[in-house]
Amino acid sequence: MPLRAVVFDLFDTLVDLHMDGLPLVTVNGRTFPSTAGVLHAELARHAPISLDEFALAQRIVDQEVRAPRYEAGRELPTRERFDLVLAGLGIGHPELAERLTALHMGMLVGQVRHLAHHAGVLEELRGRVRLAVCSNFSHSQTALAVLEAAGLRWHFDAVLVSDAVGFRKPRPEIFRATLGAAPEETLHVGDSLSADIAGAAALGMRTAWLTRRVPKADEALAEHTGARPDYVVADLAEIAEIARRD
């Protein structure tokens with residue numbers, strides 16, 4: 001059956017996100033890269049809250065709200081997360097939640113790295129198949145801005161992000177929303193075996209596992225108990241070759 005559509009994951013597939021480049025912050029004796037220090041500095045302009053208190057409020061929201069939603073395959077948008085964090089601190093300040101969202105997302109964008117040849121890969125594919133993006137991410141506006149900055153946005157017929165759809169991969173709803181062809185005529189490309197490969201395969205889509213940013217890929221695949229990828233690729237240029245064959 002001919003290939004009529006290709007759907008891509010966003011981060012660590014179309015572009016790379018290097019979280020280890022964020023500023024180091026120390027919370028409760030543990031040092032790690034995070035946006036928390038910059039966000040706390042903004043928060044401290046409005047309320048006498050310590051960094052540890054701010055970090056604790058975030059952890060509570062993540063454990064009590066985000067983790068159960070993720071388990072159910074639902075998204076927690078970043079703006080809603082910061083609304084909940086501020087509420088937990090006794091701060092009712094919508095404008096501050098919006099400011100924290102903007103700061104957080106701006107710092108993440110600063111950690112995105114573009115791969116120059118990806119635009120050419122998409123250019124070749126666009127003449128053959130329908131193209132879409134299907135991403136687990138908590139802020140659609142930032143996802144679109146990342147695609148635009150990388151010079152990739154205009155190649156896509158559809159961009160589906162979990163905060164807008166409400167569902168996260170591997171839930172079938174977000175995959176179905178991207179389909180512009182029959183599942184068996186669609187190839188989904190991503191770096192996550194559990195979210196991308198297992199989720200897409202469950203709908204009958206063909207799958208390509210991108211290993212460029214996957215540490216110890218052979219071990220990861222050996223330990224994976226879900227559906228096996230139809231293709232294992234190290235570079236997106238290989239997807240153009242698959243499209244030429246199929």
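Predicted model: local features only at pLDDT ≥ 70, side-chain atom pairs only at ≥ 80, totals over all residues.
Visitor: What makes the radius of gyration of the chain agree with a compact globule?
Guide: The chain has 246 residues, so a compact globule would have a radius of gyration near 18 Å. The chain has 19 Å, which agrees. The C-alpha atoms fill a box of roughly 60 × 35 × 30 Å along the principal axes.

Visitor: Why is D12 called buried?
Guide: Buried means under 20% relative accessible area. D12 has 16% relative accessibility, so D12 counts as buried. D12 sits in the loop between β1 (5-8) and β2 (16-17). Across the chain, 51% of the 246 residues count as buried.

Visitor: Why is K216 called exposed?
Guide: Exposed means over 50% relative accessible area. K216 has 62% relative accessibility, so K216 counts as exposed. K216 lies in the loop between β9 (206-210) and α10 (217-223).

Visitor: How do you know whether the peptide bond from K169 to P170 is cis or trans?
Guide: By omega, which is near 15°: the bond is cis. Most peptide bonds are trans. P170 is placed in the loop between α7 (162-165) and α8 (172-178).

Conventions
Residues numbered from 1 in each chain as written. Heavy atoms only, no water. Rg over C-alpha atoms; globule rule 2.2 N^0.38 Å. Buried < 20%, exposed > 50% of the residue type's maximum accessible area, 1.4 Å probe, protein only. Helix = DSSP H or I, 4+ residues; strand = E, 2+ residues; numbered from the N terminus.
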